[in-house]
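My entries follow the structure.

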Amino acid sequence: MTTIFDALTDQRRRLGDRPAVVFADAGTGERTELSFATLHNWVSKTANLLLDSFDAGLGAEVSLAVPLHWMVPVVALGTWATGAAVRVAPGGDVRVGHEDDPDAGGSDLLIGVGMGGRPTGDPGEALTVVDVLAQPDEFVDDPGDEGAWAVDGRTQATLLAETPQDGNGVRVMVAGDRVTQDLVLLVARTLPAGIGLVLARGYDEAGLARLADQEGTA
(Lines give C-alpha, C1' and ligand atoms only; values in the text may rest on other atoms or scores of the structure.)
Protein backbone atom coordinates (compact mmCIF):
# COMPACT_ATOMS: atom_id res chain seq x y z
CA MET A 1 0.00 0.00 0.00
CA THR A 2 1.43 3.39 -1.04
CA THR A 3 0.22 6.79 0.11
CA ILE A 4 1.16 10.27 -1.07
CA PHE A 5 3.38 10.62 1.99
CA ASP A 6 5.10 7.31 1.16
CA ALA A 7 5.80 8.58 -2.35
CA LEU A 8 7.16 11.89 -1.05
CA THR A 9 9.40 9.99 1.37
CA ASP A 10 10.81 8.04 -1.58
CA GLN A 11 11.62 11.32 -3.34
CA ARG A 12 13.38 12.63 -0.25
CA ARG A 13 15.68 9.61 -0.38
CA ARG A 14 16.14 9.83 -4.15
CA LEU A 15 16.40 13.57 -4.79
CA GLY A 16 17.47 14.93 -1.41
CA ASP A 17 18.85 18.45 -1.90
CA ARG A 18 17.35 19.03 -5.35
CA PRO A 19 14.79 21.87 -5.51
CA ALA A 20 11.23 20.77 -4.78
CA VAL A 21 9.33 24.03 -4.17
CA VAL A 22 10.32 27.55 -5.15
CA PHE A 23 8.04 30.46 -4.21
CA ALA A 24 8.65 33.83 -5.88
CA ASP A 25 6.60 36.92 -5.01
CA ALA A 26 6.97 39.86 -7.40
CA GLY A 27 5.41 42.26 -4.90
CA THR A 28 7.80 41.60 -2.02
CA GLY A 29 10.81 40.23 -3.90
CA GLU A 30 10.69 37.08 -1.79
CA ARG A 31 12.22 33.90 -3.13
CA THR A 32 11.96 30.82 -0.91
CA GLU A 33 13.32 27.45 -1.98
CA LEU A 34 12.72 24.07 -0.35
CA SER A 35 14.66 20.98 -1.36
CA PHE A 36 12.93 17.61 -1.36
CA ALA A 37 14.62 16.85 1.98
CA THR A 38 13.54 20.15 3.50
CA LEU A 39 10.02 19.84 2.07
CA HIS A 40 9.66 16.39 3.62
CA ASN A 41 10.76 17.78 6.98
CA TRP A 42 8.21 20.62 6.81
CA VAL A 43 5.48 18.20 5.76
CA SER A 44 6.29 15.87 8.65
CA LYS A 45 6.19 18.73 11.15
CA THR A 46 2.93 20.03 9.72
CA ALA A 47 1.33 16.58 9.85
CA ASN A 48 2.35 16.23 13.49
CA LEU A 49 0.80 19.62 14.29
CA LEU A 50 -2.44 18.85 12.45
CA LEU A 51 -2.89 15.63 14.40
CA ASP A 52 -1.66 16.76 17.80
CA SER A 53 -3.28 20.21 17.88
CA PHE A 54 -6.45 19.68 15.84
CA ASP A 55 -6.98 15.91 15.68
CA ALA A 56 -7.15 16.33 11.91
CA GLY A 57 -6.88 12.75 10.73
CA LEU A 58 -8.98 10.43 8.59
CA GLY A 59 -12.32 12.02 7.78
CA ALA A 60 -11.26 15.59 8.60
CA GLU A 61 -11.03 18.49 6.15
CA VAL A 62 -8.39 21.22 6.11
CA SER A 63 -9.39 24.45 4.36
CA LEU A 64 -6.75 26.05 2.12
CA ALA A 65 -8.64 29.04 0.68
CA VAL A 66 -5.63 31.38 0.87
CA PRO A 67 -3.29 33.50 -1.27
CA LEU A 68 -0.45 31.65 -2.98
CA HIS A 69 2.49 30.85 -0.68
CA TRP A 70 5.18 28.20 -0.29
CA MET A 71 3.35 26.85 2.77
CA VAL A 72 0.44 25.76 0.55
CA PRO A 73 2.09 22.56 -0.78
CA VAL A 74 3.51 21.94 2.71
CA VAL A 75 0.06 22.06 4.32
CA ALA A 76 -1.59 20.07 1.53
CA LEU A 77 0.98 17.28 1.75
CA GLY A 78 0.87 17.37 5.56
CA THR A 79 -2.91 17.04 5.40
CA TRP A 80 -2.69 13.98 3.18
CA ALA A 81 -0.05 12.48 5.46
CA THR A 82 -2.59 12.40 8.29
CA GLY A 83 -5.27 10.95 6.02
CA ALA A 84 -7.33 14.16 6.02
CA ALA A 85 -8.67 15.92 2.91
CA VAL A 86 -7.91 19.37 1.51
CA ARG A 87 -10.82 21.77 0.98
CA VAL A 88 -10.25 24.75 -1.36
CA ALA A 89 -13.11 26.73 0.14
CA PRO A 90 -14.03 28.27 3.50
CA GLY A 91 -15.14 25.85 6.18
CA GLY A 92 -13.61 22.55 7.08
CA ASP A 93 -12.42 21.24 10.44
CA VAL A 94 -9.15 23.20 10.34
CA ARG A 95 -9.00 26.61 8.71
CA VAL A 96 -5.66 27.77 7.30
CA GLY A 97 -5.45 31.55 6.89
CA HIS A 98 -3.00 34.04 5.41
CA GLU A 99 -1.98 37.26 7.16
CA ASP A 100 -2.33 39.20 3.90
CA ASP A 101 -5.95 38.08 3.50
CA PRO A 102 -8.82 40.21 4.87
CA ASP A 103 -10.70 36.99 5.70
CA ALA A 104 -7.90 35.59 7.89
CA GLY A 105 -9.74 36.24 11.17
CA GLY A 106 -10.64 33.08 13.03
CA SER A 107 -7.92 30.99 11.37
CA ASP A 108 -6.63 27.93 13.19
CA LEU A 109 -3.23 28.00 11.43
CA LEU A 110 -1.98 31.36 10.15
CA ILE A 111 0.56 31.82 7.34
CA GLY A 112 2.46 35.06 7.97
CA VAL A 113 3.98 37.51 5.52
CA GLY A 114 7.21 37.86 7.49
CA MET A 115 10.49 36.01 7.05
CA GLY A 116 10.02 32.26 6.94
CA GLY A 117 6.24 32.56 6.92
CA ARG A 118 6.12 34.16 10.35
CA PRO A 119 3.32 36.65 11.07
CA THR A 120 4.24 40.31 11.42
CA GLY A 121 1.26 41.10 13.63
CA ASP A 122 -0.58 39.47 16.51
CA PRO A 123 -1.85 36.04 15.35
CA GLY A 124 -4.40 35.91 18.15
CA GLU A 125 -5.25 32.34 19.05
CA ALA A 126 -4.07 30.94 15.72
CA LEU A 127 -1.04 28.67 15.54
CA THR A 128 1.79 29.77 13.24
CA VAL A 129 4.98 28.60 11.55
CA VAL A 130 6.67 28.90 14.96
CA ASP A 131 4.38 26.13 16.23
CA VAL A 132 5.05 24.03 13.14
CA LEU A 133 8.81 24.30 13.68
CA ALA A 134 8.41 23.07 17.27
CA GLN A 135 7.03 19.73 16.07
CA PRO A 136 9.10 16.52 15.70
CA ASP A 137 11.10 16.13 12.47
CA GLU A 138 9.60 12.75 11.60
CA PHE A 139 5.95 11.83 11.16
CA VAL A 140 5.38 8.32 12.50
CA ASP A 141 1.57 8.26 12.70
CA ASP A 142 0.96 7.80 8.97
CA PRO A 143 -2.40 5.98 8.74
CA GLY A 144 -1.29 4.38 5.49
CA ASP A 145 -4.69 4.69 3.84
CA GLU A 146 -4.43 5.22 0.09
CA GLY A 147 -8.22 5.15 -0.04
CA ALA A 148 -8.54 8.29 2.09
CA TRP A 149 -10.24 11.25 0.44
CA ALA A 150 -7.67 13.79 -0.75
CA VAL A 151 -9.40 16.60 -2.68
CA ASP A 152 -12.35 17.12 -5.03
CA GLY A 153 -13.82 13.64 -4.49
CA ARG A 154 -10.52 11.98 -5.38
CA THR A 155 -8.75 9.54 -3.10
CA GLN A 156 -5.01 9.36 -2.61
CA ALA A 157 -5.00 6.21 -4.73
CA THR A 158 -6.75 8.06 -7.56
CA LEU A 159 -4.25 10.91 -7.48
CA LEU A 160 -1.27 8.56 -7.32
CA ALA A 161 -2.60 6.72 -10.36
CA GLU A 162 -2.59 10.07 -12.21
CA THR A 163 1.01 10.79 -11.20
CA PRO A 164 3.98 10.14 -13.51
CA GLN A 165 6.17 7.29 -12.36
CA ASP A 166 9.44 9.25 -12.44
CA GLY A 167 9.60 13.03 -12.64
CA ASN A 168 13.41 12.95 -12.42
CA GLY A 169 13.66 16.43 -10.92
CA VAL A 170 11.87 18.28 -13.76
CA ARG A 171 10.20 21.51 -12.61
CA VAL A 172 7.01 23.25 -13.70
CA MET A 173 5.80 26.76 -12.95
CA VAL A 174 2.37 27.84 -11.70
CA ALA A 175 1.37 31.50 -11.64
CA GLY A 176 -1.50 32.98 -9.66
CA ASP A 177 -2.50 35.02 -6.64
CA ARG A 178 -4.70 32.53 -4.78
CA VAL A 179 -4.86 28.80 -4.27
CA THR A 180 -7.12 26.94 -6.68
CA GLN A 181 -8.31 23.37 -6.77
CA ASP A 182 -6.21 22.83 -9.90
CA LEU A 183 -3.11 23.90 -7.98
CA VAL A 184 -3.83 21.48 -5.13
CA LEU A 185 -4.34 18.67 -7.64
CA LEU A 186 -1.04 19.63 -9.28
CA VAL A 187 0.75 19.43 -5.93
CA ALA A 188 -0.45 15.83 -5.59
CA ARG A 189 0.56 14.95 -9.14
CA THR A 190 4.05 16.47 -9.12
CA LEU A 191 6.01 16.53 -5.87
CA PRO A 192 5.32 12.88 -4.91
CA ALA A 193 6.64 11.98 -8.37
CA GLY A 194 9.84 14.03 -8.05
CA ILE A 195 8.58 16.92 -10.17
CA GLY A 196 9.40 20.30 -8.62
CA LEU A 197 7.06 23.30 -8.49
CA VAL A 198 7.82 26.98 -8.98
CA LEU A 199 4.99 29.08 -7.52
CA ALA A 200 4.87 32.62 -8.92
CA ARG A 201 2.71 35.32 -7.35
CA GLY A 202 2.10 38.81 -8.76
CA TYR A 203 4.10 38.54 -12.00
CA ASP A 204 3.12 40.02 -15.35
CA GLU A 205 3.75 38.13 -18.57
CA ALA A 206 7.25 39.55 -19.07
CA GLY A 207 8.16 38.83 -15.47
CA LEU A 208 6.93 35.25 -15.75
CA ALA A 209 9.08 34.74 -18.85
CA ARG A 210 12.15 35.99 -16.98
CA LEU A 211 11.35 33.84 -13.97
CA ALA A 212 10.84 30.73 -16.12
CA ASP A 213 14.25 31.33 -17.69
CA GLN A 214 15.93 31.86 -14.30
CA GLU A 215 14.37 28.77 -12.74
CA GLY A 216 14.65 26.52 -15.79
CA THR A 217 11.01 25.45 -15.69
CA ALA A 218 9.32 23.32 -18.35
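I looked up the largest nonpolar core, which has 56 residues; Leu39, Leu77, Trp80 and Leu191 touch the most other members. I took a nonpolar core as a set of buried Ala, Val, Leu, Ile, Met, Phe, Trp, Tyr and Cys residues joined through side-chain atoms within 4.5 Å. I took buried as under 20% relative accessible area, exposed as over 50% and partly exposed as in between, with a 1.4 Å probe and protein chains only.

I note that this is a predicted model, in which local features need pLDDT of at least 70 and side-chain atom pairs count only at pLDDT 80 or more, while totals for chains, interfaces and linings use all residues. Residues are numbered from 1 along each chain as its sequence is written, and side-chain values use heavy atoms, with hydrogens and water left out.

I then listed what Leu77 touches (contact: heavy atoms within 4.5 Å). Leaving aside residues up to four places away in sequence, Leu77 touches Ile4, Leu8, Leu39, Val43, Val187, Leu191 and Pro192. I also found a second, separate core of six residues, among them Ala24, Val198, Ala200 and Leu208.

Next I examined helix H1 (residues 4-15) and helix H2 (residues 36-54), which pack at an angle of about 145° with axes 8 Å apart. Helices are DSSP runs of H or I with at least four residues, strands are runs of E with at least two, and both are numbered from the N terminus. Axes are lines fitted to C-alpha atoms, for helices over the stretch in contact, and angles run from 0 to 180 degrees between N-to-C directions. H1 contributes Phe5, Leu8, Thr9, Gln11, Arg12 and Leu15 to the contact, and H2 contributes Phe36, Ala37, Leu39, His40, Val43 and Ser44.

I searched for aromatic pairs and found two. Rings of Phe, Tyr and Trp (its six-membered ring) pair if their centres lie within 6.5 Å; planes under 30 degrees apart are stacked, over 60 edge-to-face and the rest tilted. Phe5 and Phe139 are edge-to-face, at 5.7 Å centre to centre and 90° between the planes. Phe5 lies in helix H1 and Phe139 in the loop between helix H4 (129-133) and strand S7 (149-151), 134 residues apart. Phe5 and Phe139 are buried. Trp42 and Trp70 are also edge-to-face, at 5.0 Å and 75°. Trp42 is in helix H2 and Trp70 in the loop between strand S3 (61-63) and helix H3 (71-82), so the pair ties together parts 28 residues apart in sequence.
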